[in-house]
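Come along while I look things up one at a time.

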Amino acid sequence: MRIDVVSIFPEYLAALDLSLIGKARQDGLLQLQVHDLRDFTTDRHRTVDDTPYGGGAGMVMKPEPWAQALESLVASPESDTPAVASRVVDQVSAGERVETQLETPQPAAARPILIVPSPAGEVFNQALAYELALEDHLVFACGRYEGIDERVLEWAAEHFRVRPVSLGDYVLNGGEVAVLAMVEAVGRLVPGVVGNPESLVEESHSDGLLEYPVYTKPSDWRGRGIPEVLLSGNHAKIARHRRDEQVRRTAERRPDLIAALDPEMLDKADRATLSTLGYTITPTQVQPATPMSGVAAEATRHTP
Ligand code: 6GU
């Protein structure tokens with residue numbers, strides 16, 4: 001998978017050299033490149049922002065550096081990827097810009113995905129991570145200040161499948177931290193990046209439930225033991241215990257996830273656990289028996 005990140009703080013993305021993602025880059029599983037937006041400016045001061053039309057606080061990112069940066073990332077004429085409709089490639093040769101017009105249209109489905117981190121985007125989740133992990137080419141456009149001139153996103157739709165994406169309902173100063181999170185969440189799902197693919201199966205959100213609690217040695221620690229069944233060697237019983245813990249913990253912490261479960265994914269024991277916890281299971285829905293109050297209602301509110 002190819003991943004390009006454009007940012008005015010490329011150093012922010014240095015963490016992508018580390019750990020699993022860094023190793024995957026070294027191994028060639030991820031072709032990840034970080035680009036400095038200022039390299040696509042043409043003025044002496046390498047300006048990337050300006051005041052907003054209509055007034056108001058803060059600055060807005062200028063459209064032209066973004067267009068230049070993004071154009072440099074769509075398939076180049078030498079590659080075997082079909083070229084993009086009406087693309088203008090600016091080649092810098094011996095210090096001067098040479099304009100080349102390309103005419104071959106690229107079908108929408110073959111365009112790279114352009115992810116624009118924004119608190120105004122769709123909320124990132126494991127389902128979107130799985131979806132993005134199937135792509136050949138992801139481009140991340142890190143905005144700063146009050147955001148990028150809206151026309152860039154409109155224009156970019158001719159070359160990319162544009163997806164504004166948010167990490168959740170809170171505000172960051174820019175897209176870089178969000179990109180670190182998304183690249184890690186997506187990258188680890190690319191085949192070969194995680195050494196033991198089984199660890200991807202039994203983790204939070206892979207089946208719509210949170211992960212079960214885990215324990216390691218010593219079995220007695222500061223007066224605290226571990227669930228006896230984990231020492232039994234009975235694998236079926238252990239699997240059942242863990243599944244029950246997943247259901248219990250999810251109901252406690254994330255009732256919105258329980259409400260989103262497909263009842264067909266629940267076995268007899270799951271149903272028993274949930275009815276003990278006050279849920280009613282219809283053929284199509286898992287409903288809390290009593291109207292949601294407080295935390296539960298709040299957790300559900302932002303779920304479509
Ligand atoms: Cl993706 N970007 C910014 N700037 N703030 C955020 C976010 C993204 N997700 C949550 N808050």
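My entries below go from the overall picture to single residues.

**Entry 1: the whole chain**

I began by noting that this is a predicted model. How many helices and strands does the protein have? I found nine helices and 11 strands. I then looked up burial: of the 304 residues in the protein, 39% are buried. The accessible surface comes to about 17600 Å², and carbon and sulfur atoms account for 53% of that surface. I also checked contacts between residues at least 6 apart in sequence, and 65% of them join residues at least 24 apart.

**Entry 2: the sheet**

In what order do the strands of the open sheet run? I wrote down β2-β1-β8-β7-β9, five strands with parallel pairing. At the edges I noted β2 (31-36) and β9, each of which pairs on one side only. From one strand to the next, the twist averages 30 degrees.

Next I followed β7, which covers residues 113-123. On one pairing, β7 meets β9 in the parallel sense over seven bridges. Here I found P117 opposite V165 of β9. β7 also runs parallel to β8 (residues 137-141), and three bridges join the two. In this pairing I115 stands opposite F140 of β8. I jotted down a reminder for reading any strand: in a regular one the side chains alternate between the two faces of the sheet.

**Entry 3: salt bridges**

How many salt bridges does the structure hold? I have 18 in my notes, and I picked out a few to look at.

I took E131 and R163, whose side chains meet at 3.0 Å, N to O. Are the two partners buried or exposed? E131 counts as partly exposed because its relative accessibility is 40%. R163 has a relative accessible area of 19%, so I list R163 as buried; the cut-off is under 20%.

I went on to D149 and R151, which meet in a salt bridge of 2.6 Å, N to O. D149 is buried because its relative accessibility is 15%. R151 is partly exposed, with a relative accessible area of 49%.

**Entry 4: a network of charges**

Which residues are linked in a network of salt bridges? I listed D207, R240, R243, D244, D267 and D270. Within this set I looked at R243 and D270, whose side chains meet at 2.8 Å, N to O. R243 sits in helix α6 (residues 235-253) and D270 in helix α8 (residues 268-276), so the pair ties together parts that are 27 residues apart in sequence. R243 counts as buried at 19% relative accessibility. D270 is buried too, with a relative accessible area of 0%.

**Entry 5: a patch on the surface**

Which residues make the nonpolar surface patch of about 440 Å²? I noted F9, Y12, Y170, L172 and V177. I stopped at Y170, which I found in the loop between β9 (161-166) and α5 (176-187). Y170 counts as partly exposed because its relative accessibility is 44%.

I kept the backbone for the end. As a general rule, most residues other than glycine have a negative phi, and most peptide bonds are trans. Where is the cis peptide bond that I looked up? I found it joining K217 and P218, with omega at about 5 degrees. P218 is in the loop between α5 and α6.

I also noted H205 in the loop between α5 and α6. H205 is not a glycine, yet its phi is positive at about 80 degrees. H205 is partly exposed, with a relative accessible area of 36%.

S19 lies in helix α1 (residues 19-26). S19 counts as exposed because its relative accessible area is 62%.

How values were computed: Residues numbered from 1 in each chain as written. Predicted model: local features only at pLDDT ≥ 70, side-chain atom pairs only at ≥ 80, totals over all residues. Heavy atoms only, no water. Patch = residues over 30% accessible without salt bridge, like charges linked within 9 Å, V, L, I, M, F, W, Y side chains within 5 Å. Areas by Shrake-Rupley, 256 points an atom, 1.4 Å probe, with all protein chains shown as cover. Salt bridge = Lys/Arg side-chain N within 4 Å of Asp/Glu carboxyl O. Helix = DSSP H or I, 4+ residues; strand = E, 2+ residues; numbered from the N terminus. Buried < 20%, exposed > 50% of the residue type's maximum accessible area, 1.4 Å probe, protein only. Contact = heavy atoms within 4.5 Å. Pairing = 2+ DSSP bridges. Axes fitted to C-alpha atoms, helices over the stretch in contact; angles between N-to-C directions.
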